[in-house]
Amino acid sequence: MTYLKPLFRHPKLPKNKIGYTLKEYEGTISTLCAGCGHDSISATIVQACFELSIEPHLVAKISGIGCSSKTPAYFLGNSHGFNSVHGRMPSVATGANLANKDMVYFGVSGDGDTASIGMGQFVHVIRRNLNMVYIVMNNGCYGLTKGQDSATADVGSASKSGHINPFQPVDLASLAVELGATFVAQSFSGDKQQLVPLIKAAIQHKGLAFINVMSPCVTFNNNPGSTKSYDYVREHMHATGTLDFVPEREAINASYAAGTDTAVTLHDGTTMRLHKLAPEWDPEDRLSAVNALQQARAKNEILTGLLYINTVFGDLHDILNTTDRAFNTLAEKALCPGEEQLQTINAGFR
Amino acid sequence: MSMQQAISRPRARINNFVARFANVNGTGSASANFLFAKAIFRMGIPVTPKNIFPSNIQGLPTWYEVRVSEKGYLGRREGIDLLVAVNAQSMKQDIESVRTGGYLVYDSTKKLAPDLIREDIHYLGIPMMELANENFSNPRQRQLFKNIIYVGALSVLLQIEFEVLETLLREQFAGKEKLIAPNITALKLGMNYVRDHFDYPLDFYLERRDLVRDKIMVDGNTACGLGAVYGGATVMAWYPITPSTSVAEAFEKFASQYRLDPDTGKHLYAVVQAEDELAAMGMVIGANWNGARALTATSGPGVSLMNEFIGLAYFAEVPAVLIDVQRAGPSTGMPTRTQQSDITLAAYASHGDTRHPLLFPASPEECFRMTAACFDLADRLQTPVILMTDLDLGMNDHMSAPFQWDESRKYDRGKVLNKEELDAMGRYGRYLDNEGDGIPYRTYPGTHPSKGAFTTRGTSRDEYAVYTEDSAAYQRNMDRLQTKWETAKKIVPTAQFYQESNQSEIGMLFFGTSTYSSEEAKEILEEKEVQLDAIRIKAFPFGTETEAFIRSHKLVFIIEQNRDGQLRSLIINEMQMNPKKLVSVLNYDGMPITADHIALQISDYLKQKNAVPHDLSETLI
């Protein structure tokens with residue numbers, strides 16, 4: 001079945017700096033269940049790209065397999081997407097990014113796609129600090145195969161049928177910090193106010209920006225006793241702070257209590273203002289991020305917001321010392337050493 | 001006719017022998033043995049060295065076999081005329097491997113045990129260790145120069161020109177001149193010992209010729225790496241595995257030399273050592289999808305792991321280049337031995353209905369040319385293309401035609417639409433077959449602000465890349481992919497014929513590294529008045545010329561290096577050939593196939609069927 005959205009939009013929709021309305025950032029109608037957290041995340045991606053005035057065609061959306069991996073069809077319809085194979089989004093994104101460093105790369109994955117079959121690629125894309133936004137839409141279960149527990153399901157969490165998960169969960173945010181990710185954030189699909197600036201910061205961060213988003217599965221994992229239900233996540237969320245951009249005209253209205261402010265300058269020169277809630281925690285200090293995550297876990301809290309950022313470490317292109325020109329723009333002249341060099345090479349084998 | 005005769009056919013005594021070196025892995029023997037082979041090459045004499053090495057870094061037995069052939073035969077030959085035995089572990093087996101009347105050169109510092117004495121071979125004892133200990137003080141040097149001492153000894157026994165060896169050493173140690181003098185000293189120790197103690201030369205020896213001409217001596221993996229640089233690859237993603245690792249290393253070596261941004265010195269290439277073969281293939285697909293040329297190199301176990309991704313690239317129609325340096329399988333098999341046993345795996349890699357173009361190089365020159373060609377083919381066909389080389393071709397040095405590049409050649413990027421073309425057309429459909437060749441138009445991400453974007457996926461979709469589970473749309477797509485396969489038949493390299501028109505009712509068919517030995521076997525059989533027509537396959541899908549060859553012969557021997565006759569199965573399956581007329585000639589012991597082995601199997605078969613070549617009985621067909 002093909003889902004096409006009505007083309008009509010209100011004629012006075014606000015435009016961004018490059019003259020686009022939100023419409024230019026939308027995708028096709030979602031085929032996910034009504035109320036799915038993933039659709040909210042798609043909407044925040046649309047909002048974030050609109051607000052940053054990104055050319056939609058200069059974004060590439062790459063995903064694996066699963067409910068979450070279907071979402072790239074539902075946002076940024078003018079961007080190329082690649083719905084690849086299960087758990088392998090990071091490698092496809094790595095190749096794509098190497099081919100053209102001048103685009104924004106969105107990697108969209110789920111908890112099954114990342115924490116189980118794709119764990120290896122998740123680990124290694126972090127090691128390489130690929131310049132991309134890596135979003136996990138985390139609902140603790142396998143939705144497309146009808147609700148089996150995933151590796152991020154908390155021990156003791158109850159499934160819809162009442163089955164209690166006996167296994168320890170994989171904590172993706174902690175793991176990302178541990179692995180040296182240069183941007184780690186955690187959020188909730190129901191908290192657009194927090195998620196939009198996080199995604200904007202993630203896009204502007206040069207390097208791997210990992211966002212673990214709790215995104216409840218309304219159909220299979222939204223029952224009492226589940227630790228990934230809307231109610232549970234709302235009750236156990238603990239925001240680390242709020243994010244804002246300088247210079248951005250309109251500041252985000254923070255709905256959290258006041259704390260201290262930190263300014264972080266990103267690679268592209270923009271400044272991100274982080275409004276911290278916990279004074280003892282420094283988002284540029286990995287140890288304090290690890291500490292904060294472990295403490296939250298001990299208290300059954302879901303720590304949200306920007307947890308860690310490192311703006312110094314170079315991305316994969318820096319590490320490999322690649323040219324400033326996109327590989328996919330290079331032709332024979334730049335790529336082929338030519339016959340004369342070949343004769344020299346031949347001589348070396350005589 | 002008796003094959004015994006064929007095997008013991010009289011050999012010219014000049015420039016015609018096999019020498020084997022039995023060494024301990026990790027003792028520096030490789031460079032000494034290469035010096036020996038390269039010196040023969042420099043004397044203008046065709047030479048084929050082969051490394052027979054263990055899956056080990058230090059300590060296990062390793063052999064280096066050098067075939068010298070005035071006639072220019074480059075396949076392996078059975079029967080060792082001269083064996084340099086410097087490995088106590090394998091001594092007994094090594095001595096047994098020498099042909100009657102052959103020679104054993106050994107280290108006589110210690111006396112040979114009586115059970116190692118054979119009456120039918122000659123023993124040439126040289127106190128290598130003693131000479132090394134007397135003349136060198138450093139323990140590592142003593143070990144290394146022991147190897148050079150035997151090269152010196154052989155140079156007198158076989159008449160290698162001293163000046164050639166000296167020049168090679170000077171080239172090898174350019175920049176490290178201090179090492180030249182002790183190497184020359186070691187050479188002379190061996191030379192003088194032979195002059196003082198033995199008659200020389202032996203009854204087979206070398207004589208300068210002009211048979212090498214402009215040829216080069218290089219291994220296939222180096223040629224593949226270079227071919228990828230010339231073919232325009234910018235991304236090499238790989239995972240270490242013998243015997244393919246040196247493809248990636250060669251790519252990086254040449255790229256670091258010839259692929260630097262002239263303005264900044266930055267790299268016009270990226271080499272990523274991936275976490276596994278799956279990721280390597282994923283990166284290749286991602287890069288190709290985004291408009292760069294990318295490749296990976298692996299061996300059978302890696303191809304097994306890449307299956308899912310290969311199927312994705314086939315179905316989503318993303319170009320990809322894969323170099324499969326085959327080794328003996330299944331499973332880990334014999335990782336340092338050669339085979340042509342990934343044919344079935346590669347041809348149909350992945351679940352569902354899939355087929356992939358394969359190219360079969362037979363020489364380093366073809367490794368270079370075909371690797372570059374793979375990129376054009378993959379782009380034109382928007383599908384994975386696999387270069388089927390193997391350990392023998394990839395890791396051994398081969399005498400080869402030199403590499404050539406046509407300066408006017410342009411990369412063929414296939415059907416890719418740019419912004420202007422998108423503007424000029426109506427609705428863009430990624431999977432529309434506009435020309436009837438099954439090949440649709442691609443767009444690279446980022447081409448146009450509002451047109452040409454689509455979602456690439458491994459799921460079914462319609463002509464406009466919109467997800468669909470409509471049966472008719474799915475089937476149309478599968479049929480179009482089959483149309484594309486028909487197009488592939490017309491653009492992959494055609495087979496090589498060894499005769500202008502059929503001379504016989506019997507044919508032989510071979511490919512890849514079975515080529516040299518098959519060509520030689522053809523001549524051996526001709527000497528015995530068995531006339532065979534021959535064809536060399538260079539690619540899959542098979543062209544009409546191959547089909548015509550098989551149809552026009554009553555019997556075709558298919559020569560390959562695997563147990564199951566995989567190419568034969570592919571021929572039966574793809575061209576609906578009668579299996580009864582296709583006879584397998586196989587070698588699957590992990591050693592490169594030899595001409596004698598092929599000739600013997602063919603003549604045995606014909607003898608068994610009581611068929612003389614000019615009068616093939618109908619019952620045979």
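What percentage of the 350 residues of chain A count as buried? The value is 54%, where a residue is buried if 20 or more other C-beta atoms lie within 10 Å of its own, exposed if 12 or fewer, and partly exposed in between, with C-beta atoms placed from the backbone. The model is predicted, and local features need pLDDT of at least 70, side-chain atom pairs count only at pLDDT 80 or more, and totals for chains, interfaces and linings use all residues. Residues are numbered from 1 along each chain as its sequence is written, while chains are lettered from A and ligands numbered from 1 in the order in which they are written.

**Chain A as a whole**

- Chain A contains twelve helices and 13 strands; helices (H or I, at least four residues) and strands (E, at least two) are DSSP runs, numbered from the N terminus.
- Along the principal axes, the C-alpha atoms of chain A fill a box of roughly 75 × 55 × 50 Å.
- Among the contacts in chain A with a separation of 6 or more, 70% are between residues 24 or more positions apart; two residues are in contact if their C-beta atoms, placed from the backbone, lie within 7 Å.

**Strand 13 of chain A**

- Strand 13 (residues 302-309) of chain A is largely enclosed by the rest of the structure, because eight of its eight residues are buried.
- Strand 7 (residues 183-188) of chain A pairs with strand 13 of chain A in the antiparallel sense over four bridges; two strands pair if DSSP finds at least two bridges between them. In this pairing, A:Q186 stands opposite A:G305.
- Strand 9 (residues 237-239) of chain A runs parallel to strand 13 of chain A, and three bridges join them. Here A:H238 stands opposite A:L303.
- A:N300 lies in the loop between helix 9 (286-298) and strand 13 of chain A. Its phi is near 60°, a positive value in a residue other than glycine, and A:N300 counts as exposed because it has 12 C-beta neighbours inside 10 Å.

**Where chains A and B meet**

- On the side of chain A, 50 residues are in contact with 59 residues of chain B. Helix 3 of chain A gives the largest share of the side of chain A that touches chain B, with eight residues.
- The residues on that side of chain A divide into 22 nonpolar, 22 polar and six charged. Ala, Val, Leu, Ile, Met, Phe, Trp, Tyr, Cys and Pro count as nonpolar, Asp, Glu, Lys and Arg as charged, and the others, Gly among them, as polar.
- Eleven of the eleven residues of helix 3 of chain A are buried, so this helix is largely enclosed by the rest of the structure. Among these buried residues are A:M89, A:G95 and A:A99.
- Strand 2 of chain A and strand 15 (residues 455-457) of chain B run parallel and are joined by three bridges. The bridge partner of A:G81 in strand 15 of chain B is B:T455.

**The nonpolar core**

- The largest nonpolar core has 277 residues, of which A:V133, A:L307, B:V105, B:A153, B:V235 and B:V284 touch the most other members. A nonpolar core is a set of buried Ala, Val, Leu, Ile, Met, Phe, Trp, Tyr and Cys residues joined through C-beta atoms within 7 Å.
- Leaving aside neighbours within four places in sequence, B:V284 is in contact with residues including A:G95, B:V235 and B:A320.

**Features of chain B**

- An open sheet of seven strands in chain B has the order 9-8-10-11-13-12-19, with mixed pairing. Its edge strands, strand 9 (270-273) and strand 19 (539-540), each pair on one side only.
- Strand 12 (residues 358-359) of chain B pairs with strand 19 of chain B in the antiparallel sense over two bridges, and B:L359 stands opposite B:A539.
- The peptide bond from B:F540 to B:P541 is cis, with omega near 10°. B:P541 is found in the loop between strand 19 and helix 18 (544-551) of chain B.
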